[in-house]
Amino acid sequence: MHALIVKGLKGYFTHIHGAKIWATIAKSEGYAPDDFELTIVEDRQLANRFVVKGAQLLDRTDDDLLQDFGLYLITHPSTNALRRLMRFSGPDFMEFLVSLPDLAPRVSLAVPDLILPRVDVAEIELGFEVAIRDTIDGFDHVLVGVIRGMADDYGALVDITQTDCKANRDLPDYSYWSVLVLDVAFHKGREFGLLGDTA
Amino acid sequence: MSGGYRPMGLEGSTVFDTLCPFHVRYDLDGKIISVGPTMAKLRPFDMIGMHMTDVFEIISPKDMLEPEQVQTLEGPRLHLRFSHPPRTPFKGDISAGFDAFVANLSFNHAAFEAIKVYNLTVADFAHTDMAIELLYLLEAKTAMQGEVEALLGQLHKAKSKAEVHASTDQLTGLKN
């Protein structure tokens, strides 16, 4: 379990649902709200238990909460660095989708010890089928949230649904999502300058 | 057939525009015939028809436009910069065609500065150009450095707190 994942969850609960919710969730595992700045988390299941607890408190499903977390990672001002890094994938949303298999290697370039699950894409009518390996519990839902966030960032109108494997790549330890791009330039999207704030 | 003269069969097509957005194609006299779409954006004037030396200051090889060099020029590493400000430096490769040369240029280390000055986007670069990867890595490293610095700040605070705690009598609240 990478410290960045727990830190991200802490940010999500605090920024979106309030400090009180986060304090309750942290306390349920015996932590103080600010503990995760300095703690190297050895417990690989800790993030999962935070998600389960959070979903229970907020009366949502785990999957729903994880997708919302993914969306937060792209849309919230505090995680703008991540949103910017994702935009380096390409000039439009289609290019972003095609580049999804590069996501894990790219993340490893930046953070060598953060190993994300493998992602494959296959072109289908109107879009792509995205296959996400299940090496991290719930990662597929987080990524789907990220994809939704990025679609809006690029200004694309998309329809994302979980599917059975359609494109003949019958790998059981993957979950499959069809991402239909109804309009690649539905609205203007958010500004992206190559140099961002570092300029 | 001798020297650098070699038919390419590609001249006049748009292949260079697609593959080499930063290319400059010029004839045996050094007159510019065409430039890539991104290269064209970098100057406020139309470079086509101008002489190479009106647009670029040639750093190396100095004599690349001399008639005797033109016969044999093939494959040297070019170093150029714009003659007029902003005097962006380029490096590049050159290839001789039947009646023209193609210099494929890139920004080199000047990429960061150039992107800012010319307001370039992802779409201005060839898909194979590593400049974008370089920018990605720089930004990723900057972000991670921010994380590390925040962590060091927290660590420093925790250490100070612990030191005060250690040097204070728990019962009386007085310094030891």
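In which loop of chain B is the place of Pro61(B)?

Author: Pro61(B) sits in the loop of chain B between β3 (56-60) and α4 (67-70). Helices here are DSSP runs of H or I with at least four residues, strands are runs of E with at least two, and both are numbered from the N terminus.

Before we go on, a word about the model. It is predicted, with local features needing pLDDT of at least 70 and side-chain atom pairs counting only at pLDDT 80 or more, while totals for chains, interfaces and linings use all residues. Residues are numbered from 1 along each chain as its sequence is written, chains are lettered from A and ligands numbered from 1 in the order in which they are written, and side-chain values use heavy atoms, with hydrogens and water left out.

Now back to Pro61(B). The peptide bond that joins Ser60(B) to Pro61(B) is cis, with omega of about -10 degrees. Another cis bond runs from Pro85(B) to Pro86(B), where omega is near -10 degrees. Pro86(B) belongs to the loop between β4 and β5 of chain B.

Ser83(B) is also placed in the loop between β4 (77-82) and β5 (89-96). Ser83(B) has a relative accessible area of 21% and is therefore partly exposed; for such labels, buried means under 20%, exposed over 50%, and partly exposed in between, using a 1.4 Å probe and protein chains only. Although 26 residues separate Ser83(B) from Glu57(B) in sequence, their C-alpha atoms are 5.1 Å apart. The side chain of Ser83(B) comes to 3.5 Å from the backbone nitrogen of Glu57(B). Beyond its neighbours within four places in sequence, Ser83(B) is in contact (heavy atoms within 4.5 Å) with Thr53(B), Asp54(B), Val55(B), Phe56(B) and Glu57(B).

Not counting residues up to four places away in sequence, Phe56(B) touches residues including Val24(B), Met39(B), Leu80(B), Phe82(B), Ser83(B) and Phe90(B). Phe56(B) is also, with Phe93(A), Tyr26(B) and Met39(B), one of the residues with the most contacts inside the largest nonpolar core, which has 72 residues. Such a core is a set of buried Ala, Val, Leu, Ile, Met, Phe, Trp, Tyr and Cys residues joined through side-chain atoms within 4.5 Å. Helix α8 (residues 139-154) of chain A gives the most to this core, with 8 residues. A second, separate core of 20 residues includes Val6(A), Tyr12(A), Phe36(A) and Ala47(A). In soluble globular proteins, nonpolar side chains tend to be buried together.

Stepping back to chain B as a whole, you will find 6 helices and 6 strands, in the order α-β-β-α-α-β-α-β-β-β-α-α along the sequence. Of the 176 residues in chain B, 36% are buried.

Next, a place that links the two chains. Glu139(B) lies in helix α6 (residues 131-166) of chain B and is buried, because its relative accessible area is 10%. Leaving aside residues within four places in sequence, Glu139(B) is in contact with Arg84(A), Leu85(A), Phe88(A) and Leu194(A).

On a 1 Å grid over the protein atoms alone, a cavity is a set of points where a 1.4 Å probe fits but cannot get out, a pocket is an open set with protein on both sides within 12 Å along at least five of seven lines, and lining residues have an atom within 4 Å of a point. Grid points are joined across faces, edges and corners, and a volume is the space filled by probe spheres set on the points. The second largest pocket has a volume of about 350 Å³. Among its 17 lining residues, Ser89(A), Gly90(A), Glu95(A), Val122(B) and His127(B) are the closest to its centre.

Finally, two loops of chain A. Asp59(A), between α3 (46-58) and α4 (62-75), has a positive phi of about 55 degrees although it is not a glycine. Leu126(A), between β1 (119-124) and β2 (127-133), is likewise not a glycine, and its phi is positive at about 75 degrees.

Definitions and conventions:
Polar contact = N/O pair within 3.5 Å; in protein donor to acceptor, adjacent residues only side chain to side chain.
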